[in-house]
Amino acid sequence: MFKNYKLYQLLFFRLILVVFCVGLSIYLFSEDLIYTGLFSGFVTFLLLTELYFFLRNAFLVFDRTIASILQNDFSADFSQHKSYHNYASLFQLYGKLKEKQHEQLSKDLIYRSILNNIETGIIILQKENESWNIFLMNDYFSKHFEVPKVSRWHYLKNQLPSLCEIIEAQDFQEMKTSLQIRVNKQDTQTFLIQTSATKTFDQEYYIILLDSIQKVVEKKEKEAWINLMKVISHELLNSLTPIRSLSQNLNELVQQESLSAEDLEDIKQSVATMHNRSNHLQEFVESYRKLAMLPSPKKEKTELSELVESCLQIMQPLFKKESIAVVNQLNFKRWITVDRNQMEQVLINLLTNSMYALEGKDQREISISAELKEKRLYLIITDTGAGIEPEIEDKIFLPFFTTRKDGAGIGLTLSKNIIEAHGGYLAFENGENGTKFTVCLLE
């Protein structure tokens, strides 16, 4: 019946017994009942001994539980102490913390597994006093750079001084740049390094990501080839499927002993369709050849404003027909060294692209401007068209990709290739009221 009592109730009961026995012993000795008093004293001693062990066991369980929580040691099993109902809340807290630790360990294993399977070198540093320790180094970094998973920064510095010296020179601040690292005493390799600093619960962490430039380029090239093959296969099938179907139909017709007027008309239509699709396929192949065999620029000194004005004169009849206002904001003269014919092609392609973007718009305006910054010339063409839809923004420079029914899909791709052959780049910015294409050239 006493097992349901809490600790303080059991303790109070034992103290009452001890006090009673002490009082009884004193009374017996006062009545000269020596032997009975000695027996009562012996019982009192036994009760005190039992009280001592009761308190020791009770507080030992408490101390062990608290010590396990403080040391994050959840290997102990307190299920045999369930009779200590006074510690029910403590045991419940211990159980919840144990579950939390197991859950956190499971998450850590999953996170580490994910980081170890990423083909990017990852190091996470943790600051301790004024020095840095290696909190995590993933398998890719360790294997690629042939570095053991050390725990101290100075150990890593002995293995990869070129990397660590750059980070120390930046005073462990955030950065994004490229660097060359010699791996396994072989030729140096170029890597893209990106770092970030974070602080949580008074702990400072420094995250380092390293990507091989070669792998990044190979990935982009692979994606580009996959997209290109999709477009080419789609275009080829669009032409070859009807040609194959028509050729089968013609084969069946010519097998007949006699041909009716209706059969002859079918043959004429089939031949005409096959001829048109063959022409389209030839134009497609010619367009591809034009992209693949772009000649090197034959550069010569060309005055920028005169070049732009010449392109505007070529496009003027089309602009007038479509009621498009062109604002030439180019207000300075500048000599640039470019292939004039190729640059004219770029400007005409961009102006044509802007012209089609203005279809169905009330306000039809194209503006051309230029600015000079840090030995770079920026030629900007802006239109008030509908803009580029977000879902196709990453495809507009893809060969043969077009949203126009009569478009070949090589204008922007060819323009981009020409500008890059000149050492510059072609970029666009999608705004609320149109699109802005920027041609950047090094002076």
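Biologist: In this predicted model, which residue is the bridge partner of isoleucine 381 in S12?

Modeller: A bridge is read residue by residue, then strand by strand. Isoleucine 381 has phenylalanine 437 as its bridge partner in S12. At the level of strands, S10 (residues 376-383) and S12 (residues 434-442) run antiparallel and are joined by eight bridges.

Biologist: What is the order of the strands in the open sheet?

Modeller: The five strands follow the order S7-S9-S10-S12-S11, and their pairing is mixed. Strand S7 (325-328) and strand S11 (425-431) each have a single partner strand, so one side of each lacks a neighbour in the sheet. On average, neighbouring strands are turned by 20 degrees against each other, direction ignored.

Biologist: Which strands does helix H9 touch?

Modeller: Helix H9 (residues 304-321) packs on the sheet and touches S7, S9 (365-373) and S10. The direction of H9 makes about 175 degrees with that of S7. Helix H11 (residues 411-421), for its part, lies across S11 and S12, at about 130 degrees to S11.

Biologist: How many cavities of 30 Å³ or more does a search of the whole structure find, and which residues line the largest cavity?

Modeller: Rolling a probe the size of a water molecule over the atoms shows where empty space is left. Here the search finds one cavity of 30 Å³ or more, and the largest cavity holds about 40 Å³ of space. Its lining consists of Val308, Cys311, Leu347, Leu351, Ile368, Leu379 and Ile381. H9, helix H10 (340-357) and S10 each supply at least two residues of this lining.

Biologist: How many residues of that lining are nonpolar, polar or charged?

Modeller: Seven are nonpolar, with no polar and no charged residues.

Note on methods. Residues numbered from 1 in each chain as written. Predicted model: local features only at pLDDT ≥ 70, side-chain atom pairs only at ≥ 80, totals over all residues. Heavy atoms only, no water. Pairing = 2+ DSSP bridges. Helix = DSSP H or I, 4+ residues; strand = E, 2+ residues; numbered from the N terminus. Axes fitted to C-alpha atoms, helices over the stretch in contact; angles between N-to-C directions. Contact = heavy atoms within 4.5 Å. 1 Å grid on protein atoms, 1.4 Å probe; cavity = no way out; pocket = protein on both sides within 12 Å on 5 of 7 lines; lining within 4 Å. Points joined across faces, edges and corners; volume = space filled by probe spheres on them. Nonpolar A, V, L, I, M, F, W, Y, C, P; charged D, E, K, R; others polar.
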